[in-house]
Amino acid sequence: MKAFVFPGQGSQFVGMGKDLYDNNTLAKELFDKADQILGYKITDIMFAGTDEQLKETKVTQPAVFLHSVISALCQGEEFKPDMVAGHSLGEFSALVASGALSFEDGLKLVYARAMAMQKCCEKVEGTMAAIIGLPDEKIEEICAEVSTDSDIVIPANYNCPGQLVISGTKAAIGAACEKMKEAGAKRALPLPVSGAFHSPLMQPAKDELQAAIEKTQFNAPKCPIYQNVDGKAHTDAEEIKTNLIAQLTSSVRWTASVKNMIADGADEFVECGPGKALRGMIGRIDKNVNAHGLD
């Protein structure tokens, strides 16, 4: 069985989508439509902008979403997923690709998400760090030990065995990183991000995004989507919506998602979108499955 997976923020690069735009009629139509919906030419930045322009919040998330979704939809008859999943932002791409959301609504929600997260980062100071080489249970234990009422740190992205990203206030992240190293972590690396994504510190952004999600029409997807909040398969439109609302303040259960897809029969994973991060993680979760890109 074939699973299609969609990457999150951080996989963007200048030039992304240009070949699709130049060589595929559907891609050109969808990119042009995106420019109209967003009210600015995101295609100019994606195809020929600078790295700094592409890192702007209002650009990054829609850009990764557009490249991922359009790459999938342009496969035509070849795009026949038995199941889908997306990492963080990638969940929105997966929802559009699976038919649970329209292209237009998906893009509007991604833009609303980006702007809500940006506002939240300006109000609430937080950050994240990657912990390499410690068991998940030990990381969870240290996070619980370090957290206080005013300074929290939680496991945010369960990416693959031996790689977990933590999220919280700067003070708590600093203290946790020291304890992780003492406990034997190979690396405890602060990430260059301006917010504590997938933690309770994102509550203001969640509230704002929830209002937009609740006004949006969701449909039953054409195949199960394995969602970040629990790593389990979902096909009910209302359940999907509830889980998507919870996503911004909840951990990304990527390892569980991949394991559950494999348990349900997935033996081939196709990464749709920029970068190769997901197939690398999937290979570390189970080295026996075939994980590759669209090319």
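K18 forms a salt bridge with D22, and their closest N and O atoms are 2.6 Å apart; a salt bridge here is a side-chain nitrogen of Lys or Arg within 4 Å of a carboxyl oxygen of Asp or Glu. By this rule the count comes to 10 salt bridges. The model is a predicted one, in which local features need pLDDT of at least 70 and side-chain atom pairs count only at pLDDT 80 or more, while totals for chains, interfaces and linings use all residues. Residues are numbered from 1 along each chain as its sequence is written, and side-chain values use heavy atoms, with hydrogens and water left out.

**Salt bridges**

- Side chains of opposite charge can pair when their charged atoms come close.
- K18 and D22 are 4 residues apart in helix α1 (residues 18-23), so about one helical turn separates them. Helices (H or I, at least four residues) and strands (E, at least two) are DSSP runs, numbered from the N terminus.
- An α-helix has 3.6 residues a turn, so residues three or four places apart point the same way.
- K18 is partly exposed, with a relative accessible area of 34%, and D22 is partly exposed at 45%. Buried means under 20% relative accessible area, exposed means over 50%, and partly exposed lies in between (1.4 Å probe, protein chains only).
- E104 and K33 also join their side chains in a salt bridge, at 2.8 Å from N to O. Because E104 belongs to helix α7 (residues 103-123) and K33 to helix α2 (residues 25-38), this pair ties together parts that are 71 residues apart in sequence.
- E104 is partly exposed at 26% relative accessibility, and K33 is partly exposed at 27%.
- A further salt bridge links the side chains of E271 and R279, at 2.9 Å from N to O. E271 is buried, with 2% relative accessibility, whereas R279 is partly exposed at 22%.

- An open sheet is formed by 4 strands in the order β4-β5-β3-β6, with antiparallel pairing. Two strands pair if DSSP finds at least two bridges between them.
- The edge strands, β4 (153-160) and β6 (187-190), each pair on one side only.
- Neighbouring strands of this sheet are turned by 25 degrees against each other on average, direction ignored. Axes are lines fitted to C-alpha atoms, for helices over the stretch in contact, and angles run from 0 to 180 degrees between N-to-C directions.
- β4 pairs with strand β5 (residues 163-168) in the antiparallel sense over 6 bridges. Y158 has L164 in β5 as its bridge partner.
- Helix α9 (residues 170-182) packs on the sheet and touches β3 (127-132), β4, β5 and β6, where contact means heavy atoms within 4.5 Å. The direction of α9 makes about 10 degrees with that of β3.

**Helix α6**

- Helix α6 (residues 90-97) is mostly covered, as 8 of its 8 residues are buried. Among them are F92, L95 and V96, and also E91.
- G99 follows α6 and has a positive phi, near 85 degrees.

**Cysteines**

- The structure holds 0 disulfides, a disulfide being a pair of cysteine sulfur atoms within 2.5 Å.
- C177 is in no disulfide, and the nearest cysteine sulfur, that of C143, is 9.2 Å away. C177 is buried, with a relative accessible area of 5%.
- The sulfur of C223 is 11 Å from the closest cysteine sulfur, in C272, which is too far for a bond. C223 is buried, with a relative accessible area of 4%.
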